Amino acid sequence: MQESIPMSAKDNSPKFSIKTGAPENLKSDCIVAGVFEESRLSATARALDKASKGRIAAALKSGDMTGRAGSTLLLRELPGIAAARVLLVGLGKQDEFAEKAYRDAVAGAIKAVGNTAARDALIALTEVKVGKRSADWNIAQAAIVAGDALYRFDRMKSRADNPPKLGGIGFLADSAAAAKGLKQGNAIARGMALARDLGNTPSNVCTPAYLASQARQLARSYGFKCKVMDKAACEKLGMGSFLSVAKGSDKPPVFIELRHDGGRKGEAPIVLVGKAITFDAGGISLKPPADMDEMNYDMSGGGAVIGAFRALGELGLKLNVVGLVPACENLPDAHANKPGDIVTSMSGQTIEILNTDAEGRLILCDALTYAERFKPAAVVDLATLTGACVIALGHHPSALYANDDKLAQALEQAADHAWDRVWRMPLWDEYQEQLKSGLADMANIGGRAGGSITAACFLARFAKRYPWAHLDIAGTAYRSGRESKGSTGRPVPLLVQYLIEREGQR
Ligand code: BES
Ligand code: MN
Ligand code: ZN
């Protein structure tokens with residue numbers, strides 16, 4: 001059947017820029033300045049107050065704005081100020097002002113400006129010092145948060161209900177220091193938007209073939225190499241575990257390989273591997289109906305790899321990077337895997353499939369074996385792998401597992417910098433016992449206890465030949481809820497930051 005849905009969402013991403021100068025003289029539809037609790041003015045608020053002969057202070061004195069975090073006040077046509085509107089944004093207590101408060105303030109500002117008719121805005125919140133963070137961090141985060149707040153996914157609606165009017169956003173900063181931050185933040189925002197588009201596209205449109213066409217299109221735009229292996233090619237490679245999951249669907253599986261050769265020839269690449277189950281019904285071990293509609297997000301790992309490549313292309317990093325995305329559906333069908341089936345992975349290790357819903361590890365294990373051929377400097381896989389991860393950590397950090405402490409620390413540092421955080425989990429041998437099988441080399445599930453950990457332990461058996469890390473992003477890649485469900489674009493920020501830092505170390 002032909003789908004009458006456009007192949008790709010149109011790019012209405014906001015245009016960011018750096019603005020310098022005296023705030024009162026800068027023309028815009030809306031200038032946004034911060035105010036701390038107890039009516040302490042930020043530098044820009046102070047400048048605007050002075051230029052308008054005390055109008056900001058008067059507004060505060062009236063009690064209309066307290067500086068409480070989350071509060072905003074819109075003032076119009078103030079004398080002596082070039083901007084048509086002044087939006088004051090409460091920053092909370094000055095001594096408690098940290099990363100979360102900063103991000104919330106920027107997001108709140110975008111939302112409040114979005115409720116006006118302003119078509120562009122000048123955000124001066126970027127001038128406020130955030131703990132030990134540098135000026136370019138402020139700018140990068142502002143671009144990421146603004147990109148996030150302005151993101152819409154409305155290509156599946158017959159009419160967009162709330163298209164953003166805000167097209168251009170300027171950030172007030174000292175231009176030299178800020179340019180690098182803007183470039184990185186912009187690239188990350190664009191990568192996230194692509195990952196979100198792919199995640200939000202429903203599974204009747206976002207099929208394995210669709211992901212392959214999106215990867216090819218991206219490769220054409222940025223000059224990446226792209227190879228798409230079909231079922232026959234995967235059979236030749238012996239990917240018996242991956243293909244066993246794909247058997248239950250009539251949509252053919254694909255194995256996508258993207259390459260960015262930005263580094264020296266022969267330099268060991270970083271390999272990113274992303275789980276892309278375009279729909280996970282559980283297979284014969286069928287999932288219960290509640291929330292099954294969210295299982296189109298089970299390709300978020302693969303979406304994040306493709307999104308990270310977009311950012312990589314935008315930044316043109318001097319680094320060799322390989323992206324591997326095994327993609328298929330997990331459905332119940334006459335051909336599907338059945339509980340008790342035993343398959344042979346590309347590594348030669350055999351797997352007893354005790355639960356067909358533990359399919360992510362079955363497709364990733366063959367991708368991890370395939371990754372060996374690149375003699376990688378490091379392999380990082382990303383997967384919405386387990387519901388148990390959400391129980392353990394909730395929705396704030398992704399779970400980080402690694403067989404190499406240096407790699408784990410590099411990822412932790414990048415995650416902290418990008419504010420796309422992770423929490424390290426154990427990969428102890430003790431847990432490996434839960435994967436024992438009487439009939440095969442291993443079982444594909446380890447029981448209820450420590451479900452995210454035993455899933456990672458399963459993957460570790462296929463990642464012994466290189467430094468490897470695994471991110472369980474089941475709690476972070478998307479949000480649930482009838483009206484609020486949607487992809488977050490995580491962990492694109494962390495991946496891109498990690499690659500940026502790797503480039504800096506060469
Ligand atoms: N895609 C799911 C994991 C998942 C569940 C992600 C909920 C996001 C939200 C995965 O394929 C899965 O079904 N895992 C099973 C493993 C179990 C059978 C050992 C799970 O977590 O229940
Ligand atoms: Mn599953
Ligand atoms: Zn799954």
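Modeller: A donor is an N, O or S atom within 2.8 Å of the metal (3.2 Å for Na, K and Ca); water is not among the atoms, so sites may look incomplete. What we have here is a predicted model: local features need pLDDT of at least 70, side-chain atom pairs count only at pLDDT 80 or more, and totals for chains, interfaces and linings use all residues. Residues are numbered from 1 along each chain as its sequence is written, chains are lettered from A and ligands numbered from 1 in the order in which they are written, and side-chain values use heavy atoms, leaving out hydrogens and water.

Biologist: Which residues coordinate the zinc ion (ligand 3)?

Modeller: Lys275 (NZ), Asp280 (OD), Asp298 (OD) and Glu359 (OE), at 2.0 to 2.4 Å. That range sits within the metal cut-off, so these atoms count as donors.

Biologist: Why is that site called octahedral?

Modeller: Six donors count as octahedral if opposite ones are over 155 degrees apart and all others between 65 and 115. The zinc ion (ligand 3) has six donor atoms with angles of 78 to 176°, and its site is classed as octahedral.

Biologist: Which residue bridges the zinc ion (ligand 3) and the manganese ion (ligand 2)?

Modeller: Asp280, and the two ions lie 3.1 Å apart. Asp280 is in strand S11 (residues 276-280), while Asp298 is in the loop between S11 and helix H9 (300-315), 18 residues apart. Helices (H or I, at least four residues) and strands (E, at least two) are DSSP runs, numbered from the N terminus.

Biologist: What makes Asp280 and Asp298 polar contacts of ligand 1?

Modeller: A polar contact is a pair of N or O atoms within 3.5 Å. The side chain of Asp280 has an N or O atom 2.9 Å from an oxygen atom of ligand 1, and a polar side-chain atom of Asp298 lies 2.8 Å from a nitrogen atom of the ligand. Both pairs fall within the limit, so both count.

Biologist: Why is strand S10 described as largely enclosed?

Modeller: Five of the five residues of S10 (residues 270-274) are buried, so the rest of the structure largely encloses this strand. Buried means under 20% relative accessible area (1.4 Å probe, protein chains only). Ile270, Leu272 and Gly274 cover one side, Val271 and Val273 the other, and all are buried.

Biologist: How do you know that S10 pairs with S15 and S12?

Modeller: Pairing takes at least two bridges found by DSSP. S10 has five to strand S15 (residues 378-383), running parallel, and four to strand S12 (residues 320-330), also parallel, so both count as pairs. Val273 has Asp381 as its bridge partner in S15, and Ile270 stands opposite Val321 in S12.

Note on methods. Tetrahedral: all angles 85-135°; square planar, octahedral: opposite > 155°, others 65-115°. Polar contact = N/O pair within 3.5 Å; in protein donor to acceptor, adjacent residues only side chain to side chain. Buried < 20%, exposed > 50% of the residue type's maximum accessible area, 1.4 Å probe, protein only.
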